[in-house]
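Okay, thanks everyone for coming.

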Amino acid sequence: MQQRSAWAWVPSVSFSQGVPYVAVMMLSTVMYKNLGISNADLAFYTAWLYLPWVVKPLWAPIVEMFGTKRRWTVLMQLVSGAGLAAVALTLHAPDFFRWTLVIFWLMAFSSATHDIASDGFYMLGLPTQRQQAAFVGVRSAFYKLAMIGGQGGLVYIAGELMKATGNPVHAWSVVFVLMAVLFLLLCGWHQLMLPRPQEDHAHAAGGALWQDFVQTFASFFRKPEILTTLAFLLLYRLGEAQLLKMAAPFLLDPRDKGGLGLSTSEFGLVYGTIGVCALVIGGIAGGVVVSRFGLKRALLPMVSIMHVPDLVFVYLATALPDNLTLVAICLAVEQFGYGFGFAAFLLYMVLVADGEHKTAHYAICTGFMALGMMLPGMVSGWIQQQLGYQQFFIWACISTLPAFVMALKVRIPAEFGQK
């Protein structure tokens, strides 16, 4: 294998995994809101963008059969970079909503494929468990950095450009051009710097591969109490899935429509930067709690800490405070709780996937996790338009109750997750 320092490519590839996901799932929502798309259309069509991550495990064999993981990684970065540039161009078209959605769809598929290839490439580029373990934190940190840079920095830049020009189309075009240039530079860097492991080669498209693929899926659905497991994966974030889709529209909508009337740059600061930092800290704290007490003892308290702070949105929609510091504190509390409880969800998926085919089974779990976000998110905008923001957030809090029920039903070994 060509020798490369892992520091030359691990951080940048991890960052590259986060950028298109943030663009597709978060920036699209804020951008469409700025461009006057209704909450119902915005939520329905952007929620569909989860679908590539839902079905991602189904085309993993294609990545195995055609080309190396290195080639797939670089190619998908090129596709994503071109997609970001295409969004910037089509924003000026009369039918921009339809065209940008098509491009976001292509970017979502390329991003999900990039995840498959790059995750596999890590295993080959860092061949020992010691190396893999040493860079787990690095991968997570640079992925989170992409989230903060995207949801925080880029949204803030878009907001400032809107203030300066009064033209949201121009502002978002500039932002997507900046992302496209960055991503194409990363693509060129990785073409030069990614190692070329000898083990990284295409697998023959024989019947044995497809047979293993089918058997792997079948073995997942033969797991004990699989229906309870699937219900947990689908319902754990039922309330959060609806709330997250409407958070940006609520924060950006003017007060006469029941929103807080934040500017786009203020949204980027309080939700995209402070909120994401609180989310990361919550995830770390959740991991510490599970390692101390084990998942079985910690699960129900962690579900509570995750969902009870959703009530801050009910407060914000009722009081409509104009103090930005107070709004930031409320959002930080809610995002900390989300990160804290999500750590338990991730570890439960590790438990479900444990055993033979653990990598493939974990990917299937993440597909159901994405489906649990997609389906509620699709209807959230319509529900909000029927109820108004205050009643909608009350409904979202009520929708968290199935998570408590499922937390009581799932079976978890007493010592699982505990150090």
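Before anything else, a word on contact: when I say two residues are in contact, I mean they have heavy atoms within 4.5 Å. And keep in mind that this is a predicted model.

Let's start with Trp189, which you'll find in helix α9, residues 168-193. Which residues does Trp189 touch, once we leave aside its neighbours within four places in sequence? Those are Ala8 and Ser12. Now look across to Phe250: it is 61 residues from Trp189 along the chain, and their C-alpha atoms are 39 Å apart.

Next up, Lys69, in helix α5, residues 69-90. This lysine has a relative accessible area of 11%, so it counts as buried. And who's around it? Not counting residues up to four places away in sequence, Lys69 touches Glu64, Ala117, Gly120, Phe121, Leu124 and Asp200.

Last stop, a pair of helices. Helix α1, residues 10-34, and helix α12, residues 238-252, have axes that come within 10 Å and cross at roughly 35°. The crossing is right-handed. On the α1 side you've got Met25, Met26, Thr29, Val30, Lys33 and Asn34, and they meet Lys245, Ala248, Pro249 and Leu252 from α12. Sort that contact by class and you get six nonpolar residues, two polar and two charged.

That's my tour, happy to take questions.

Key:
Residues numbered from 1 in each chain as written. Predicted model: local features only at pLDDT ≥ 70, side-chain atom pairs only at ≥ 80, totals over all residues. Heavy atoms only, no water. Axes fitted to C-alpha atoms, helices over the stretch in contact; angles between N-to-C directions. Helix = DSSP H or I, 4+ residues; strand = E, 2+ residues; numbered from the N terminus. Left-handed = near helix turned anticlockwise from the far one by under 90°. Nonpolar A, V, L, I, M, F, W, Y, C, P; charged D, E, K, R; others polar. Buried < 20%, exposed > 50% of the residue type's maximum accessible area, 1.4 Å probe, protein only.
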